[in-house]
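Here is a friendly walk through one protein chain, written to be read with the model open beside you. Have a look at the fold first, and then we can go through it piece by piece.

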Amino acid sequence: MEKLAIDGGKPVRDNFLPYGRQKIDDEDIKAVIETLQSDFLTTGPKVSDFEKKINEYVGSKYCVAVSNGTAGLHMACFACGIKEGDEVIVSSMTFVASSNCVLYLGGTPVFADIDKETWNIDTEDIKRKITKKTKAIICVDYTGQPANLDEIKKIAKENNIYVIEDGAHSLGATYKGSKVGALVDFTMFSFHPVKPITTGEGGAICTNNYDMYKKMLMFRSHGITRDKNEFKETNTGMWHYEQQILGYNYRITDIQCALGMSQLNKIDEFINKRRELSKIYEEKLKKIKGITLQKQLDNTQSGRHIFVIRLDLEKFKVGREKIFESLIKENIGVNIHYKPVYLNPYYEQLGYKKGICKESEKLYNEMITIPLHTNMNEDDVMDVIKSLDKVLDYYYK
Ligand SMILES: *Cc1c(COP(=O)(O)O)cnc(C)c1O
């Protein structure tokens, strides 16, 4: 058996392979420089051009681009009227932003468990957790595979509540042949550097609802309107604008939107690459003892944002931590997505307890995210597989 790098052996790779990374080309750089030389650095023509381009790509009617995806979730929750006393059902297997947005408005996140196989929100658990106070459901397209949107919409309709889709992983993914973005009340996308496309920081909310769109526009910029049809005051001067609600400064810049448009030109290329690499992973990893993969449904096509494997820990002499550390030492940038949100100290201090979502907790204890991004090639994928083979082989019982 080969000596592991953690024990002083030679690592599989000489250089570190990160789990995710942006891909920026000359076109992207040119687009940013041109904007820097133009009249507008922020809230110029590029913001609405970018929004239009997102609408065209996902098939939504309206889009509000914002400073980051978290701001987008906050904005959508605001548009739904979430306030103190309201409950919002949130998937537990997600980044903290998916439920922090509820707390920002004084609402109460109620965590739902995940399906054993798809690792997306379990619709049966949503039904169990709905009460008279429930105002919305925030589902997550975990790893890029769309959640069970039709069933979620059905539950929402029966209970007269909103659906907010956290699509931070799923720009370009399809559900029953349609791209996510216009399939529920709101869909959020994130343009953080590890996400499907990037603007540095950035995000967007897509919706088909005009009234919600107008509310979000105001919320993005301090709650101010400059549209005279909306003014409450009369006989005003030309300079007049009104703050009508308490909003934030969640604006995105023209510089970022120029980058976003250039990136969006390449989204299909990016996603195809992710899908090709994932296919190799699936074929090879199926054959490694002790690894289970996420079930991919026939009616979805994942955006393949991250690749998560699950370890059957009973087959190993050591725990997940040791395997994780050993892979890092082989220069494989593994990661964990995610610790169930409510296990964070802040949520524990709010009263959330271990055991609320058993499947999420079980997955969290057994998962490892392996590298997947558009700068990788087949050799990189083979390095990851080789490292997994090497490390797991060493630790089998
Ligand atoms: C990245 C991410 C967010 C937050 O997006 P930002 O643009 O970083 O604010 C929210 N939810 C999920 C699932 C994410 O992966």
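Which residue in β4 is the bridge partner of Glu 87?

## The chain as a whole

This is a predicted model. The chain holds 13 helices and 15 strands. Its radius of gyration is 22 Å, close to the 21 Å that the globule rule gives for 397 residues, so the chain is as compact as a globular protein of that length. Along the principal axes, the C-alpha atoms fill a box of roughly 85 × 55 × 40 Å.

Of the 397 residues, 56% are buried. The chain exposes about 18100 Å², and carbon and sulfur atoms supply 49% of that area. Among contacts between residues at least 6 apart in sequence, 73% join residues that are at least 24 apart.

## The seven-stranded sheet

Seven strands form an open sheet in the order β1-β9-β8-β5-β4-β2-β3, and the pairing is mixed. The edges belong to β1 (62-66) and β3 (108-112), each of which pairs on one side only. On average, neighbouring strands here are turned by 20° against each other, direction ignored. As a reminder, strands of a sheet pair through backbone hydrogen bonds, either parallel or antiparallel.

Now back to the opening question: the partner of Glu 87 in β4 is Thr 134. The strands involved, β2 (residues 87-91) and β4 (residues 134-140), run parallel and are joined by 4 bridges. Although β1 is an edge strand, it is mostly covered, with 4 of its 5 residues buried.

## Helices lying across the sheet

Which strands does helix α4 lie across? Helix α4 (residues 97-104) lies across β2, β3, β4 and β5 (162-166), and runs at about 150° to β3. Helix α6 (residues 149-159) lies across β4 and β5, running at about 175° to β4.

## An exposed loop residue

Glu 84 sits in the loop between α3 (69-79) and β2. Is this residue buried or exposed? With a relative accessible area of 70%, Glu 84 is exposed. Leaving aside residues up to four places away in sequence, Glu 84 touches Leu 105, Gly 106 and Gly 107. Gly 59 is 25 residues from Glu 84 along the chain, and their C-alpha atoms are separated by 33 Å.

## Helix α8 and the cysteines

In helix α8 (residues 254-264), 10 of the 11 residues are buried, so this helix is largely enclosed by the rest of the structure. The buried residues include Cys 257, Leu 259, Met 261 and Leu 264. The cover over them includes α1 (26-36), α2 (45-58) and α9 (267-285).

How many disulfides does the model contain? The count comes to 0, taking a disulfide as a pair of cysteine sulfur atoms within 2.5 Å. Cys 80 is in no disulfide, and the nearest cysteine sulfur, that of Cys 77, lies 6.2 Å away. Cys 80 counts as buried, at 9% relative accessibility. For Cys 257, the closest cysteine sulfur is in Cys 63, 9.0 Å away and too far for a bond. At 0% relative accessibility, Cys 257 counts as buried.

Another open sheet has 3 strands in the order β12-β14-β15, with antiparallel pairing. Why is one side of β12 and of β15 left without a neighbour in the sheet? Both β12 (291-293) and β15 (367-370) stand at the edges with a single partner strand each, so one side of each has no neighbour there. The twist from one strand to the next averages 40°.

The antiparallel pairing of β12 with β14 (residues 307-311) runs over 3 bridges, and Thr 292 stands opposite Arg 310 in β14. Helix α12 (residues 358-366) has Glu 359, Ser 360, Glu 361, Leu 363 and Glu 366 as its buried residues. The buried residues of α12 pack against β14, α10 (320-329) and β15.

Definitions and conventions. Residues are numbered from 1 along each chain as its sequence is written. This is a predicted model: local features need pLDDT of at least 70, side-chain atom pairs count only at pLDDT 80 or more; totals for chains, interfaces and linings use all residues. Side-chain values use heavy atoms; hydrogens and water are left out. Two strands pair if DSSP finds at least two bridges between them. Helices (H or I, at least four residues) and strands (E, at least two) are DSSP runs, numbered from the N terminus. Axes are lines fitted to C-alpha atoms, for helices over the stretch in contact, and angles run from 0 to 180 degrees between N-to-C directions. The radius of gyration is taken over C-alpha atoms; the globule rule is 2.2 Å times the number of residues to the power 0.38. Buried means under 20% relative accessible area, exposed over 50%, partly exposed in between (1.4 Å probe, protein chains only). Contact means heavy atoms within 4.5 Å. Accessible areas come from the Shrake-Rupley method with a 1.4 Å probe; for residues, only the protein chains shown count as cover.
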